[in-house]
Amino acid sequence: MKENHIGTKCIHEGYKPGNGEPRQVPVCQSTTFKYETSDEMGQLFDLEKEGYFYTRLQNPTNDAVAAKIAALEGGVAAMLTSSGQAANFMAVFNICEAGDHFISSSSIYGGTFNLFTVTMKKMGIECTVIDQDMPEEEIDKLFKPNTKAVFGETITNPTVNIFDIEKFAGIAHKHGVPLIVDNTFATPVNCRPFEWGADIVTHSTTKYMDGHAAGVGGCIVDSGNFDWMAYADKFPGLTTPDESYHGITYAERFGKGAYITKATAQLMRDLGCIQSPQNAFYLNLGLESLHLRMKQHCNSALAVAKYLESNSKVAWVKYPALESDTSYNLYKKYMPEGSCGVLCFGLKGGRDVSVGFMDKLKLASIETHVADSRTCLLHPASHTHRQMTEEQLAEAGVAPDLIRFSVGLEDPEDIIADLQQALDCI
Ligand SMILES: *Cc1c(COP(=O)(O)O)cnc(C)c1O
């Protein structure tokens, strides 16, 4: 049979009820699971048998939803986390330890930038941030013997530039390390980074996947394509025995499932950033309509971007689907059906005019959020990127007048009317 389309997968993947079983994924609101014999549970602790014993490590609801996201991305395995921050931290920390180094695009979410350059630095993990438009030969020079990964965002938050996945996959693989891509904004409906050579995908499911501002969550997906054993000396955590599990070597024992098994068995066990099964249930409701919502978000965002571009008070608009956009060619290559509902723009008159305009909006609200059903906006220089110096802002491509505008699912005519009345006030 032909493989189902992505919309069908959004609805059906991850959970197939047996005869007489619940049609919707049941919420297994249980911390623990019962066994008949002590020996059976012992085998679970040794990773010799698959099964559930404690929700900090695995829970059937979470696993069903993770399996759906893995299927949407075309990966082999996935793990839900308590947040997108936890997902990005664990995705890197699963293969980097104190003394290691990785390379990240500088155009990333402010929280991730802080995690990589401040908090992980305190843990002894060094991150070199780069301009993602840097020529390949210059990026090559930044690799060191202890470099373990390359990181970027499919569509950068908040600058909505498009990461050249294929180029970075080529660079990462040339140096024997995996490419990790945060696919939060595009979602697998619009772009599937594994098809372009990425090895690991992360998500803040808090955004479009949940889609209703209902639950904070994250996810890590493994393509199963990176050959850890081929670079065994670089990734000892996957290729040498784990004494905390009686000497299991993940890459040998679990093959393509090694990376996610290690993340679950070690990182979740020790750090415990799990998603609650109830939140996983809400996330799954969001996933069931992701394909329809993304289409609407993208159509409305393009209408809003075109409106803003035509307004004389607007200094500039950044949206990948605009033909005038610097990311337009990458957009056509990686996500021809649509990018996301987020765009950014600045008003003539600079920072203060942009901020004053925001207060005049009635339908769109000022929120520390993005990518859900309600149109919202914020001013990164005053909000999400507030901790950054002017220099770091410039490096991340965040202009002082930049307004990040997340187009929701309201009627686009109403969104545009709201923008019009606010622009008329300034
Ligand atoms: C929001 C966001 C994160 C962080 O996710 P949380 O769920 O808020 O922890 C990471 N990456 C991107 C691209 C984001 O938009």
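I take helices as DSSP runs of H or I, at least four residues long, numbered from the N terminus. The model I have open is a predicted one.

**Entry 1**

I began with helix H4, residues 84-93. Phenylalanine 89 and phenylalanine 93 sit four residues apart in H4, so about one helical turn separates them. An α-helix has 3.6 residues a turn, so residues three or four places apart point the same way. I then ran a search for aromatic pairs over the whole structure, and it returned 17. Phenylalanine 89 and phenylalanine 93 form one of them: the pair is stacked, with 4.9 Å centre to centre and 20° between the planes. Phenylalanine 93, at 24%, counts as partly exposed. The cut-off for buried is under 20%.

**Entry 1: a second ring pair**

Next I looked up phenylalanine 102 and phenylalanine 116. Their ring centres are 4.8 Å apart and their planes stand at 90°, so I log the pair as edge-to-face. Phenylalanine 102 belongs to strand S2 and phenylalanine 116 to helix H5 (residues 110-122), so the pair ties together parts 14 residues apart in sequence. Both residues are buried. I also noted a cluster linked by ring pairs: Phe226, Trp228, Tyr231, Phe235 and Tyr259.

**Entry 2: the sheet**

I traced an open sheet of seven strands. What is the strand order? I read S1-S7-S6-S5-S4-S2-S3, with mixed pairing. Strand S1 (77-81) and strand S3 (126-130) are at the edges with a single partner strand each, so one side of each has no neighbour in the sheet. The twist averages 20° from one strand to the next. Strand S2 (residues 101-105) and strand S4 (residues 147-153) run parallel and are joined by three bridges. Serine 104 has phenylalanine 151 in S4 as its bridge partner. Helix H7 (residues 165-174) packs on this sheet and touches S3, S4 and strand S5 (179-182). The direction of H7 makes about 150° with that of S5.

I listed the buried residues of helix H15 (residues 351-358): Ser354, Phe357 and Met358. Down the H15 axis they fall within an arc of 100°, so they line one face of the helix. What do they pack against? I found strands S9 (342-347), S10 (365-366), S11 (376-378) and S12 (403-406), and helix H17 (412-425).

Phe357 turned up again in the largest nonpolar core, which has 126 residues. Phe357 is among those with the most contacts inside that core, together with Leu179, Leu343, Phe345, Phe405 and Leu419. Helix H13 (residues 290-310) gives the largest share of the core, eight residues. In soluble globular proteins, nonpolar side chains tend to be buried together.

Setting aside neighbours within four places in sequence, its contacts include Ala301, Val304, Ala305 and Leu308. Ile403, Arg404, Phe405 and Val407 are also among the contacts of leucine 343.

**Entry 3: valine 25**

Where does valine 25 sit? I placed it in the loop between helix H1 (6-12) and helix H2 (38-45). Valine 25 is buried, at 7% relative accessible area. Beyond neighbours within four places in sequence, valine 25 is in contact with Tyr15, Thr61, Ala64, Phe281 and Asn284. I also checked valine 25 against serine 82: they are 57 residues apart in sequence, and 19 Å apart in space, C-alpha to C-alpha.

Key
Residues are numbered from 1 along each chain as its sequence is written. This is a predicted model: local features need pLDDT of at least 70, side-chain atom pairs count only at pLDDT 80 or more; totals for chains, interfaces and linings use all residues. Side-chain values use heavy atoms; hydrogens and water are left out. Buried means under 20% relative accessible area, exposed over 50%, partly exposed in between (1.4 Å probe, protein chains only). Helices (H or I, at least four residues) and strands (E, at least two) are DSSP runs, numbered from the N terminus. The arc is that of the directions from the helix axis to the C-beta atoms. Contact means heavy atoms within 4.5 Å. A nonpolar core is a set of buried Ala, Val, Leu, Ile, Met, Phe, Trp, Tyr and Cys residues joined through side-chain atoms within 4.5 Å. Two strands pair if DSSP finds at least two bridges between them. Axes are lines fitted to C-alpha atoms, for helices over the stretch in contact, and angles run from 0 to 180 degrees between N-to-C directions. Rings of Phe, Tyr and Trp (its six-membered ring) pair if their centres lie within 6.5 Å; planes under 30 degrees apart count as stacked, over 60 as edge-to-face and the rest as tilted.
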